[in-house]
Amino acid sequence: MSAAEGPLVVGVDTSTQSTKALVVDAATGRVVASGQAPHVVSTGAGRESDPRQWWDALREALHQCGDAAREAAAVSIGGQQHGLVTLDAHGDPVRPALLWNDVRSAPQARRLIEELGGPKSWAERTGSVPSVSFTVTKWAWLAEHEPEAARSAKAVRLPHDYLTERLTGEGTTDRGDASGTGWWASGTEAYDEEILARVGLDPALLPRVVRPGEVAGTVRDGHDLPFSRGTLVAAGTGDNAAAALGLGLRPGVPVMSLGTSGTVYAVSQRRPADPTGTVAGFADARGDWLPLACTLNCTLAVDRVAALLGVDREAVEPGTGITLLPYLDGERTPNLPHSSGLLHGLRHDTTAGQLLQAAYDGAVHSLLGALDLVLDADADPSAPLLLIGGGARGTAWQQTVRRLSGRPVQIPEARELVALGAAAQAAGLLTGEDAAAVARRWNTAAGPVLDAVERDEATLTRITGVLSDAAPLLERNADSR
């Protein structure tokens with residue numbers, strides 16, 4: 001390892017499937033070491049993980065980083081949003097965490113929206129209409145279905161909060177991740193006590209919301225990680241807010257992230273409040289806002305279709321008249337939590353490659369349908385769409401987004417943007433800089449730009465029509481089949 005120009009920092013991404021750690025030179029943004037370890041997620045009706053495995057994965061990822069991790073002066077955790085972590089009086093999990101893509105709380109989501117004044121009231125109050133992903137619905141489900149577990153909880157945390165607290169011994173979160181709970185009011189930037197009372201959650205069980213740029217704490221004694229006692233710990237944030245930091249996003253620049261879930265978002269200086277519920281009015285990690293739309297089915301769903309067909313994920317072929325809505329885990333955008341996949345237009349001469357292309361088209365259609373709602377009215381419609389996440393490296397994903405968006409598409413060369421954003425947040429503690437400015441200094445968004453092509457309106461219109469016609473079928477509870 002060559003000598004670093006500045007102090008070293010660690011950025012962590014604890015995602016659905018794994019934990020990744022980067023050791024980064026705070027002066028240049030150069031990644032000097034990295035590590036990764038997997039998580040186990042349950043299958044079936046729920047999606048759960050034992051939070052203790054996140055800590056074990058963090059230890060393993062840091063061990064892979066070697067001596068560089070021991071030299072770090074600051075660390076920050078970025079993590080999957082919405083997950084419900086319940087801890088007992090000793091800080092141990094009461095039960096496995098309910099993850100963002102656990103859709104069992106759909107009835108509780110509908111009930112909460114009705115009980116607190118409807119979608120418009122929720123949007124004005126919290127910035128978002130709570131979908132099945134939001135933490136408040138998961139707590140309501142837990143209180144109803146596992147009341148003993150709810151009563152046993154002495155602390156309620158989000159995934160990134162859990163790891164930060166194990167580092168510092170202090171219960172903290174940040175405004176970006178708190179804004180995805182459904183019990184943080186975006187207008188007042190404080191916990192909403194009426195909502196908490198409605199779901200029977202004592203606000204004393206929740207973490208303190210750390211301000212942007214504030215130190216959350218320092219690494220305490222008794223840990224088994226390579227950090228020295230007193231190493232600074234930043235507030236951390238949710239994965240999308242961390243990726244926005246990692247790109248150094250300025251207001252109005254659109255981002256599409258292609259991962260297990262798909263998201264479209266942009267930084268805004270206006271507080272969002274979409275009463276349709278399509279756009280979640282999240283806060284960012286800096287003091288601005290991060291209006292965002294999310295789909296549950298993205299790369300994992302398309303890869304599953306490829307596996308069922310027995311073809312490589314890149315083996316797409318052009319085709320007309322075939323529509324595949326890959327809602328394999330239910331769907332959040334559109335809001336169809338109990339839906340399943342739907343295929344329309346199958347013919348004798350349809351090929352496996354055409355079916356696979358239809359899966360890509362169906363996934364991207366959902367994201368592009370929300371993009372105009374995410375962007376402010378004065379955003380530049382010709383600005384390149386930043387394409388990030390694991391899918392962004394795939395040619396089929398790139399060309400599908402390009403064809404259906406009609407925009408130029410830029411693919412940043414920097415990888416692991418959630419961990420890089422967390423590292424920029426940690427670096428900001430040392431330099432006093434805004435974390436997004438740190439990332440811009442690191443030039444993380446640099447990458448090739450694919451020119452715009454004519455937008456494929458025919459495919460978009462066809463998918464929209466099939467979705468509209470199939471809505472009654474898709475809205476049925478999949479368990480009743």
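Arg286 and Asp434 pair up in a salt bridge, with 2.8 Å between the closest N and O atoms; the term covers a side-chain nitrogen of Lys or Arg within 4 Å of a carboxyl oxygen of Asp or Glu. Arg286 sits in the loop between strand S18 (280–283) and strand S19 (289–295), and Asp434 in the loop between helix H14 (417–431) and helix H15 (435–442), so this contact ties together parts that are 148 residues apart in sequence. Both labels come from DSSP runs numbered from the N terminus, helices being H or I with at least four residues and strands E with at least two. Shared partners place this pair in one salt-bridge network that joins Arg175, Glu189, Asp284, Arg286, Asp288 and Asp434.

This is a predicted model, in which local features need pLDDT of at least 70 and side-chain atom pairs count only at pLDDT 80 or more, while totals for chains, interfaces and linings use all residues. Residues are numbered from 1 along each chain as its sequence is written, and side-chain values use heavy atoms, with hydrogens and water left out.

As for accessibility, Arg286 is partly exposed, at a relative accessible area of 29%, and Asp434 is partly exposed too, at 30%. Here buried means under 20% relative accessible area, exposed over 50%, and partly exposed in between (1.4 Å probe, protein chains only).

Searching the whole structure turns up 32 salt bridges. One of them joins Asp329 to Arg47, the closest N and O atoms lying 3.0 Å apart. That pair links distant parts of the chain, 282 residues apart: Asp329 is in the loop between strand S20 (323–325) and strand S21 (342–344), Arg47 in the loop between strand S3 (31–38) and strand S4 (48–49). Asp329 counts as partly exposed at 24% relative accessibility, whereas Arg47, at 18%, counts as buried.

Arg125 also forms a salt bridge, with Glu194, and the closest N and O atoms are 2.5 Å apart. Since Arg125 belongs to helix H4 (residues 119–126) and Glu194 to helix H9 (residues 193–199), the pair ties together parts that are 69 residues apart in sequence. Arg125 is partly exposed at 24%, and so is Glu194 at 47%.

Turning to the strands, seven of them make an open sheet with mixed pairing, in the order S18-S19-S17-S16-S22-S23-S24; two strands pair if DSSP finds at least two bridges between them. S18 and strand S24 (449–450) stand at the edges with a single partner strand each, so one side of each has no neighbour in the sheet. Strand S16 (residues 255–258) and strand S22 (residues 385–388) run parallel and are joined by three bridges. Val255 stands opposite Leu386 in S22.
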